[in-house]
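The sequence and structure come first, then the contacts.

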Amino acid sequence: MSNEIRHHLTDEILMAYSAGSLNEAFSLMVASHVSLCDECRARLASFDAIGGALLDEAPTDTAALAPDSLQATMARIAAGPAQPARPRRRPGVLPAPLQDYVNGDVDKIRWRAVGMGVKQAILKTAPGATARLLYIPAGAAMPDHGHRGMEMTMVLQGAFSDDDDRFARGDVEIADEELHHTPVADISEDCICLAVTDAPLRFNSLLPRLAQPFLRI
Amino acid sequence: MTDLPPDRLPWTGHVSRIREARDQDAFAELFQHFAPRVKAFLMKSGADATLAEECTQDVMATIWHKAHLFDPTRASVATWIFTVARNRRIDMLRRQRRPEPEDLPWGPEAEPDQEDALGLQQDCDHLRRAMGDLPQAQRDLIERAYFRDMSHREIATATGLPLGTIKSRIRLALDRLRHAMNTV
């Protein structure tokens, strides 16, 4: 299912997700990509194994347990499980972690028009980074923009081409301050992407820049 | 999985006994080994002793309740407990949601294959030895990343090392681990 994915997550991002130090919006990107990409799922398992090895070797002299620790834990167990089981994926375009945020599939996304047929839906995540779904009509271009921080974009439906590469379902494009790009959606199908940024996008033409504070792009 | 010699698949038999027989003795042994490690992990991440104790009990109770989801072909018991403790830490320190990949990651569809489980455990043992062989400076940085809840940038501030040095040391460490894993 993931044989065709050509653009993957970096070691740095996978390791930060495994270590638990990524913020919510970027974690959503990792969880969504790994849901579609067996290669990155396997790499993530290796990073988790590093955590397991560190835990197993950890010196414990500084952290004596409370004397009644085991009994207290047995009492917690008797009280029953705290969290419900994680929901499984329903059929659709969005991987399960995104379906959790949208409360359904593509038909449940609450789009807002950005202009030129482009639409977006900002997902509710903790501060520090922003996750949004983007809808680019077939053949249309995203407004030309640069970045103050890092932007990661993953294709969920359709495909887009950047100056020198093509990105289809599951592919992740990683852009930083140096890259000014104008992604253009393939002509055959409307393109839906997940985009995560850790700083506001910076548009290079006048109109989108004026609109920027209002659109929260 | 229960008929394998315990030293070849450490703790897997314990998890099976918890899952199949609600075996409190097996749980007590697992608890004695892992609970202090989980508590040390949470305290290194910045929790005080009281909070760390409470979260440790919570993590170990989760291990009991989720024993049926453990899949020894996908992770060692130590790795599985690490992921549960890490998720509890994210909740404890930041109160943020933790999006997880789809497909319950520890949910075996059928009886796990013993060969696969043994192969995975050998990889884990090998990885642990390779990590023991890392130069101290590289191992320290990996430990900070995993145990102190620090981004590379935060590690740079804490250690006074330039960000580029940290990134290249971590990259070197990963290269060494990869190399070690490829020369079994």
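One salt bridge is found across the interface of domain 1 of chain B and domain 2 of chain B; a salt bridge is a side-chain nitrogen of Lys or Arg within 4 Å of a carboxyl oxygen of Asp or Glu. The model is predicted, so local features need pLDDT of at least 70 and side-chain atom pairs count only at pLDDT 80 or more, while totals for chains, interfaces and linings use all residues. Residues are numbered from 1 along each chain as its sequence is written, chains are lettered from A in the order in which they are written, and side-chain values use heavy atoms, without hydrogens and water.

**Domains**
- Chain B is assigned domain 1 (6–97) and domain 2 (131–182), with bounds from an automatic or database domain assignment.
- Taken over C-alpha atoms, the centres of domain 1 of chain B and domain 2 of chain B lie 25 Å apart.
- Seven residues from domain 1 of chain B and five residues from domain 2 of chain B take part in the contact (heavy atoms within 4.5 Å).

**Buried area**
- Between them, domain 1 of chain B and domain 2 of chain B bury about 620 Å², of which 49% is on carbon and sulfur atoms.
- Buried area is the accessible area (1.4 Å probe) that two parts lose on being put together, summed over both.

**Salt bridge and contributing helices**
- K44(B) and E143(B) form a salt bridge, their closest N and O atoms being 3.5 Å apart.
- On the side of domain 1 of chain B that touches domain 2 of chain B, α2 (24–44) and α4 (77–94) of chain B are the elements giving two or more residues (helices are DSSP runs of H or I, at least four residues, numbered from the N terminus).
- The largest share of that side, four residues, comes from α4(B).
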